[in-house]
Amino acid sequence: MQVYLPLSVLMIRACHALQDKFQIEIMKTFFKTIGNLFKKPATIPFPAAPTYKPDDYRGLIVFDESLCIWCRRCETVCPPGAIVFSQNITDGKQTYHYSPYVCIYCQECVRTCPKQGCLIQSAEPGHPATKEHDVNNVWNKLFADSLESRVTYAAEKKKQQAAAKANPQS
Amino acid sequence: MSTQYNIPVGAQHISLLEPLHFKFTTENEKIIKTEANVGYVHRGIEQACCSKFKFRQVSFVVGRVCGLCSISHTTCYSQVAEKLLKLDIPKRAKYLRMLVIELDRIHSHLLCLSHVAENSGFEALFMKTMRHREFSMELLEAVCGNRIQYDFSIIGGVARDLRTDVAQSILDKFKIFRPQLDELVDIYKTNWSLSLKNKGIGVLSKEDAIRLNVVGPFARASGLGVDVRNETEELLPWKEVGFEIITDTAGDVHARNMVRLKEIYVSMKIIENIINGLPEGDLISDTKAFPEGEAVNRIEAPRGELFYYAKGNKTQVLERLKIKAPTFSNIPAMVETFTNNEYASVPAIIGSYDPCLSCTSR
Amino acid sequence: MNRIETSFENLKKDIAAFYKPQAHHFITMNGVDLGNDVIEYQWFFCDYAFPSDITMFVTRANVDVQVPSIKNIIVSAWLPEAELVDLLGVNIEDTQKGFVLELDSETAPLRKK
């Protein structure tokens, strides 16, 4: 009994010391938490404040018709098929179509374009499509129609050439 | 013998980032057998690359295999296509490729670490890690012009140059990030409640790692020093920019965390060396040739060895493209590592594998 | 890349003689449709010590011939084998369909039609 008594006292003291140490830790955490209440949040209050955007962001493709030489190379290289040229059947004039919703902003068309400045990648981000846009159906139909219009024009031209060959007088 | 229970986890589960299905057979709390199903996100990308797309467009398609290691896929494909075309690329392009791969590794490793913390029940650490990760996403956006799908490597070189002000901002942000990373290392290393869920859990021994052909940080945490960066010098000069291999011996979740954290320091060192010694020169070398013959290429993605096999037939469209993603190699080991762990440890173990199912089933 | 031609009879023997777990890393197994129902099978290995050397075991066979499995030699080979069974529609020893693709989905998408 006489041996155990001082031992138990020692243990109680050790416990108290530990408790004090924990209390200090707890108080530290408590003040840290209070301090955190007055810190600025780590997040950005989007959409009230803008998010980070570099000034050479890869955004929408801008087309300058006056410079185009109608080589259709951009259409050939475009991985998702977001560029297509349709052709007027009567006078053969080509029109450029571009879907900002299908585009993946990879810049491949800009790199391939032989005419400097005809296709430019702007820093404007693409806008999300909504249900009203009906992106896939509208674009797929336009794409198929454009290809068909070129085939029709080529066939028409061939026919005309053949006719011109048959009677060169007219 | 006690009663056995079958517990399914997935394909939709709160601790999984991607669809993955595990079927556990447990005795009381202990897992005795696991079956895995990984084919939920099969999108037929290999088939699309060999039929619908031309070989120059494929480098943008394979970038969409995985959102986290997009740059590894595009670089690996570009290299294998360059082998088929017998094309040599400029040194500046090689350095810029390495720069983006390492930036990508930083953000991928931090995502995995935060996921482990969340799955271990430590939400505050998850948010802290994700907050410190944000700088790497911004840097990638500044370097590549896009936040997720970088499209930075193209056949013959890289698509964009590194501007000097962007290079300076990388160095400046690293100065801010380094003390934050030190703090993270301290928490992951010494936090007592995290250690209960991480230390000694999900142990993969070195013998098993060798037997099951494990790759990536999963293997390096078990003491198997496989790292493609350590091995090949022919395409990307890793040793020149100060790469060193990180290994651990314990093989548990904690060791995997430590390997990933230390690799972030190595990546930062590599990026600083690249920026300080960036060679001048062209960004791209071009050719009019068509792919011919067959070639293989390996690269170290954030999750381990990425392997591409390509076969060309002198036309615009490849004949075969095989993608072997790092998680694909690790699944046999994942299934075995669960054995003899408690069922409650499963989320933390899955997080520490860093599985990428989009890569695996393509 | 070292290319080693083999045949189905010698495949297990060749790979067992070549593969040392301590020295070699099994990368993956692959199949290429060469047309006319002929499939080229490839097994890729790399050396831990000399990793630039990738060794490829190659053999060709008709699609109906059963491929011997190397699961007994390399445990982790079950996954690429299961994938090939689904994607190429080939017959591999001890391997069931339905791991990557569902049984009611399209069969053998990587085969040439």
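A residue is called buried when its relative accessible area is under 20%, exposed when it is over 50%, and partly exposed in between, using a 1.4 Å probe and protein chains only. The structure is a predicted model, in which local features need pLDDT of at least 70 and side-chain atom pairs count only at pLDDT 80 or more, while totals for chains, interfaces and linings use all residues. Residues are numbered from 1 along each chain as its sequence is written, chains are lettered from A in the order in which they are written, and side-chain values use heavy atoms, with hydrogens and water left out.

Glu263(B) is buried, with a relative accessible area of 2%. The side chain of Glu263(B) meets that of Arg220(B) in a salt bridge (2.6 Å, N to O), a salt bridge being a side-chain nitrogen of Lys or Arg within 4 Å of a carboxyl oxygen of Asp or Glu. Arg220(B) is buried at 0% relative accessibility.

In the whole structure, 40 salt bridges are found over all chains. One of them joins the side chains of Arg150(A) and Glu75(A), at 2.7 Å from N to O. Arg150(A) lies in helix α4 (residues 135-166) and Glu75(A) in helix α2 (residues 73-77) of chain A, so the pair ties together parts 75 residues apart in sequence. Helices are DSSP runs (H or I) of at least four residues and strands (E) of at least two, numbered from the N terminus.

Between chains, contact (heavy atoms within 4.5 Å) involves 34 residues of chain B and 39 residues of chain C. Of the two pairs of chains that touch, B and C have the most contacts. Chains A and C do not touch, their nearest C-alpha atoms being 21 Å apart. Two salt bridges are counted between chains B and C. Lys322(B) forms a salt bridge with Glu83(C), with the closest N and O atoms 2.8 Å apart. Several elements of chain B each supply at least two residues of the side that touches chain C, among them β6 (292-301), β7 (304-313) and α12 (326-337). Of the elements of chain B, α12(B) gives the most to this side, with five residues.
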